[in-house]
Amino acid sequence: MFSKFLSVTSSLLLLVFLVGVSGCGNESPQIESKITKALKKFDTEEQNTAHKAEMRKYHMDHLKHKRDLTMYGGIRTAEDSLKGCIDCHVPAPEGDKVVRHTDPEHFCTTCHAYASVQIDCFQCHADHPDKPESATATANNASMDKNLGIVADDSTSKTSTEVTAQ
Amino acid sequence: MSGKNDMHQNTDQNAGDGGNINSYRRQFMASVVGISGVAAVATIAPGIILQQAQAKPADETVTNKVRWGLLIDINKLNDGGDACVEACKKEHGWGDEKLSNKEQDAQWIRKVKVTEKMTGHVTNLPVMCQHCDTAPCVDVCPTGASMKRADGIVLVNKHICIGCRYCMMACPYKARSFVHETLIDQRPHSPRGKGVVEACNMCVHRVDAGQKPACVEAAPEAILFGDLNDKESDISKALKQFGGTQIRADLGLNTGVRYWGI
Ligand code: SF4
Ligand code: SF4
């Protein structure tokens, strides 16, 4: 009985999951074009492709794994840091313009709205970077990013230009 | 090191006055002077020893070799701790709850005024989570969300907190708050949200990065932060020499936050 329930649930989950992934994959240029561009870019195209492929399917697993490492072990590396994702994928507030997860152009919301999957992270976690003047840990992130092969893309981001200067 | 000299002068001026407070001050300053001497040597000789004692590599798990603690000399807090409260609010973004009433407002750290009935003597002290060794809030939590990290920092794992508020009932220091309203624009390093309990987390994100808690930076002359397990740390030496008071020591919770001057 229970195993039947399990298999039904998992196939349902798989279905939702596939819809979600294809929704944000290359098959769906409408969505792809709506997704906000990341602020930083990888050194090589291979790294970029690998990052996209991995994160589209498994970002939630990465985040949940890292969440426990951070809570219990105090491990705060750049790898799989939710704050790191946000710093790169959501623009910092500029004047009155703040992009929040309730806005359709928010990086996470674009896909999650399409796939009808609710995001709970931002009930507590910041859904956008701090205002530039109060961002104190940015320099730290920049040095950690180097280890991950991420470099600041000067052409698209004012914030990351500051980061490289520091 | 001009601060050091100033402190010497103060100590001398106060020396003749007698009285409890002055003797506390004298002890504290003497220890600070002594310690800053040691610190200077340690910094000059092997380079970055002091830094290393504080920071752990970002990818290393915390261990129980360390136990973080605070020592607060309330006689040196001229404002009774207002600056600490402000610094904490700014660091973690609490205290700006629009819809909550006075009873519901978040309070990670607050100023407590104690009046001795007979003499009318008033003492102000900042009280935050005392980071108890045997923490009642951890004992009672039904989900394991209220937890003590290996290095003695007591935290709420908000991912699994169900908001039952049992820990708020259990805490003898009224250190915990419950968030009653939807929040936006949290500080990126300090997630907080509706429906879960929160409290002073000893600025765990700063401690992990080798920095001092925000309230300590706001009152560096009055608060020592350090490793209680390390016999050579400033805080351990000061406590060994002059002791330190636990609030409600009778409860036997072996708190990580100790006071001078209460
Ligand atoms: S002071 Fe209260 S919240 Fe902090 S550890 Fe002790 S019981 Fe828990
Ligand atoms: S240690 Fe940090 S969280 Fe705790 S009272 Fe001080 S500033 Fe607030």
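Buried area is the accessible area, taken with a 1.4 Å probe, that two parts lose on being put together, summed over both. The model discussed here is predicted.

1. Extent of the interface. By this definition, about 2,000 Å² is buried between chain A and chain B, with carbon and sulfur atoms giving 55% of that area. The contact involves 20 residues of chain A and 28 residues of chain B. On the chain A side, the most area is lost by A:Met71, A:Arg76 and A:Cys124, which together make up 29% of what that side buries.

2. Charged pairs. Three salt bridges are found across the interface of chain A and chain B. A:Arg76 forms a salt bridge with B:Asp208, and their closest N and O atoms are 2.6 Å apart.

3. The sheet in chain B. Three strands form an open sheet of mixed pairing, in the order β8-β1-β9. Because β8 (223–227) and β9 (257–260) of chain B each have a single partner strand, they stand at the edges, and one side of each is left without a neighbour in the sheet. Neighbouring strands of this sheet are turned by 20° against each other on average, direction ignored.

4. Pairing and cover. Strand β1 (residues 68–73) of chain B runs parallel to β9(B), and four bridges join them; B:Asp73 has B:Trp260 as its bridge partner in β9(B). Helix α9 (residues 234–242) of chain B lies across β1, β8 and β9 of chain B, at about 110° to β8(B).

5. Ligand 1. The residues around ligand 1 include B:Cys129, B:Cys132, B:Cys137, B:Cys171 and B:His131. The shell divides into nine nonpolar residues, two polar and one charged.

Note on methods. Residues numbered from 1 in each chain as written. Chains lettered and ligands numbered in written order. Predicted model: local features only at pLDDT ≥ 70, side-chain atom pairs only at ≥ 80, totals over all residues. Heavy atoms only, no water. Near = heavy atom within 4 Å. Nonpolar A, V, L, I, M, F, W, Y, C, P; charged D, E, K, R; others polar. Pairing = 2+ DSSP bridges. Helix = DSSP H or I, 4+ residues; strand = E, 2+ residues; numbered from the N terminus. Axes fitted to C-alpha atoms, helices over the stretch in contact; angles between N-to-C directions. Contact = heavy atoms within 4.5 Å. Salt bridge = Lys/Arg side-chain N within 4 Å of Asp/Glu carboxyl O.
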